[in-house]
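Here is a short report to read alongside the model. Take a moment with the fold before moving on to the details.

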Amino acid sequence: KQLEMLYPEKWGAIVEVKLKDGTVLIERTDYPKGDPENPVSLQEMQDKFRRLAARRWPKDKVDKTLERLAHLERLEQLGELLG
């Protein structure tokens, strides 16, 4: 309920975990990762791309695609991106 009162200015979340020994851990964020107030870094985006793309592509294709994305303005045709 307390998070609903903050919406839409904040898109918060609260996680509560109860451990076997009875300890309760609570963590809250007012801004999820990727929100303008909590942006994703370039390194984090690249790491996520690598993890997801590696499920289907060989490492060299993942690396080449990231390199092409880093210099997108140099491509003559968009088809070269995944070439």
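Helices and strands here are DSSP runs, at least four residues long for helices (H or I) and at least two for strands (E), numbered from the N terminus. With that in hand, the elements of the protein chain in this predicted model follow the order α-β-β-α-α from the N terminus on. That gives three helices and two strands.

How does the chain as a whole look in numbers? The protein chain has a radius of gyration of 20 Å, whereas a compact globule of 83 residues would have one near 12 Å. Of the 83 residues, 10% count as buried. Contacts between residues 24 or more positions apart make up 8% of those with a separation of 6 or more. Some further values for the protein chain are these:

| Property | Value |
|---|---|
| C-alpha span along the principal axes | about 55 × 35 × 15 Å |

Now to the helix pair. Helix α2 (residues 42–53) and helix α3 (residues 59–70) have axes that come within 10 Å and cross at roughly 145 degrees. On the α2 side the contact involves Gln46, Phe49, Arg50 and Ala53, and on the α3 side Val62, Asp63, Thr65 and Leu66. By class, these are four nonpolar, two polar and two charged residues.

Beyond its neighbours within four places in sequence, glutamate 27 is in contact with Ala13, Ile14 and Val15.

How values were computed:
Residues numbered from 1 in each chain as written. Predicted model: local features only at pLDDT ≥ 70, side-chain atom pairs only at ≥ 80, totals over all residues. Heavy atoms only, no water. Contact = heavy atoms within 4.5 Å. Axes fitted to C-alpha atoms, helices over the stretch in contact; angles between N-to-C directions. Nonpolar A, V, L, I, M, F, W, Y, C, P; charged D, E, K, R; others polar. Rg over C-alpha atoms; globule rule 2.2 N^0.38 Å. Buried < 20%, exposed > 50% of the residue type's maximum accessible area, 1.4 Å probe, protein only.
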